[in-house]
Amino acid sequence: MSPGDEHDYRGKDQGGRADDPYSTLGGTRQTRTRLPDGDPGNPGARRPVRNSRSLVTITGIVVLLVAAIAFANRGGGSDDDAAPGAESPGTAGSAPTAATGTKPVEGKNGTIPSGFAHDEQGAQSAAANYAVALGSAEMFNQKQRRDIVQSIADSSTATKLQSGFDADYSQGFLEQIGLDTDGSAPADSTFVNRTIPAGTKVKSYSSSTAEIEVWCSGLFGLTGEKSTKPVTSGWFTVTMQLKWNGSDWKILETSQRSGPSPVTGDNPVSGSDEIADAVNQFGGFTYAR
């Protein structure tokens, strides 16, 4: 993510700290009851007959088979079974961690996914992917930054957003965080700025506009023995105002606030070289709701 309060996805930061690089920017459980086989001390105690037990077993197998077939028909097909962006029924009430139907997009605008579905799921997927793009290391390079903004901003606000981002990523700011004038890391170091969406939420939706929140974690800093800004992690929520331009969702405005932040785990801290290797070797994702 863009560090510092002034780097807020071209929106208004809400409660961030100046020294915080991220301040701006189901299943059901089944219980099996075992019936008694009879009381040895009471010969007259009732014992379940074997035929009933067999009937219960057969019925259970049939139910499981029907459930498996229904599950496979719901979402077990390949990506070729549905056109990109096709709507899937029955998404309401799905578990938060369940895939909710819409297939990932196949289109690309440069390196950024495009062609999102014209529905709530499409708007959420667009917002998640746009958060990743705006929270990437490429935003620190002027040419790459302008390519990103032109790809994801609505034509009515692209110039305003571009000017704001260019001002944010000034030469003075790049120097402050230890980068060269073109946004690259010094020799023998790796610059890390990566955003990982954890979930999305629809604040409002219509056929022409949508307000989407994206809850994210992020990595920011410089690896290397001489780095004075080691890679740290943070949590933040990005809010995006989107517009349907007739063929895709595009950004009108963005803002960011810190949190919600979970308690930090007790994982041992990795060395600088291990972090650099992970960033260089583990690629990112295309996100879809």
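**Entry 1: a salt bridge to start with**

Which residue forms a salt bridge with Arg 145, and how far apart are the closest N and O atoms? I found that the partner is Asp 166, with the closest N and O atoms 3.0 Å apart. By salt bridge I mean a side-chain nitrogen of Lys or Arg within 4 Å of a carboxyl oxygen of Asp or Glu. Asp 166 lies in helix H4 and Arg 145 in helix H3, so the pair ties together parts that are 21 residues apart in sequence. Arg 145 is buried, at a relative accessible area of 3%. My terms here are buried for under 20% relative accessible area, exposed for over 50%, and partly exposed in between, with a 1.4 Å probe and protein chains only.

**Entry 2: ground rules**

I am working with a predicted model, so I note that local features need pLDDT of at least 70 and side-chain atom pairs count only at pLDDT 80 or more, while totals for chains, interfaces and linings use all residues. Residues are numbered from 1 along each chain as its sequence is written, and side-chain values use heavy atoms, with hydrogens and water left out.

**Entry 3: the overall layout**

I counted up the secondary structure next: the chain has 6 helices and 7 strands. Helices (H or I, at least four residues) and strands (E, at least two) are DSSP runs, numbered from the N terminus. Along the sequence I read the pattern β-α-β-β-α-α-α-α-β-β-β-β-α. The chain has 289 residues, and 35% of them count as buried. Its accessible surface is about 17,300 Å², with 52% belonging to carbon and sulfur atoms. Those areas come from the Shrake-Rupley method with a 1.4 Å probe; for residues, only the protein chains shown count as cover.

**Entry 4: the nonpolar core**

Which residues have the most contacts inside the largest nonpolar core? I noted Tyr 130, Phe 140, Met 240 and Leu 242, in a core of 38 residues. Such a core is a set of buried Ala, Val, Leu, Ile, Met, Phe, Trp, Tyr and Cys residues joined through side-chain atoms within 4.5 Å. Both helices and strands supply at least two residues each, among them helix H2 (120-134), helix H3 (142-152), strand S5 (209-222) and strand S6 (232-244). The largest share, 7 residues, comes from H2.

My search of the whole structure gave 6 salt bridges. One of them pairs Asp 154 with Lys 243, the closest N and O atoms being 3.9 Å apart. Asp 154 sits in the loop between H3 and H4 and Lys 243 in strand S6, 89 residues apart, so I filed this under links between distant parts of the chain. Asp 154 counts as buried at 4% relative accessibility, whereas Lys 243 is partly exposed at 32%.

Arg 257 and Glu 213 form another, at 3.1 Å between the closest N and O atoms. Arg 257 is in strand S7 and Glu 213 in strand S5, so this pair ties together parts 44 residues apart in sequence. Arg 257 is partly exposed at 26%, and Glu 213 is buried at 8%. I also saw that salt bridges with shared partners join Arg 145, Arg 146 and Asp 166 into one network.

**Entry 5: backbone checks**

Most residues other than glycine have a negative phi, and most peptide bonds are trans. With that in mind, I flagged the cis peptide bond between Gly 259 and Pro 260, where omega is about -5°. Pro 260 is in the loop between S7 and H6. I also flagged Asp 188, not a glycine, for its positive phi of about 65°. Asp 188 is in the loop between H5 and strand S4 (191-205) and counts as exposed at 77% relative accessibility.

**Entry 6: two C-alpha distances**

Gln 162 and Val 149 are 13 residues apart in sequence, and I get 6.4 Å from C-alpha to C-alpha. Gln 162 is in helix H4 and is buried at 8%. For Gly 178 and Ser 227, 49 residues apart along the chain, the C-alpha separation is 8.2 Å. Gly 178 is in the loop between H5 and S4.
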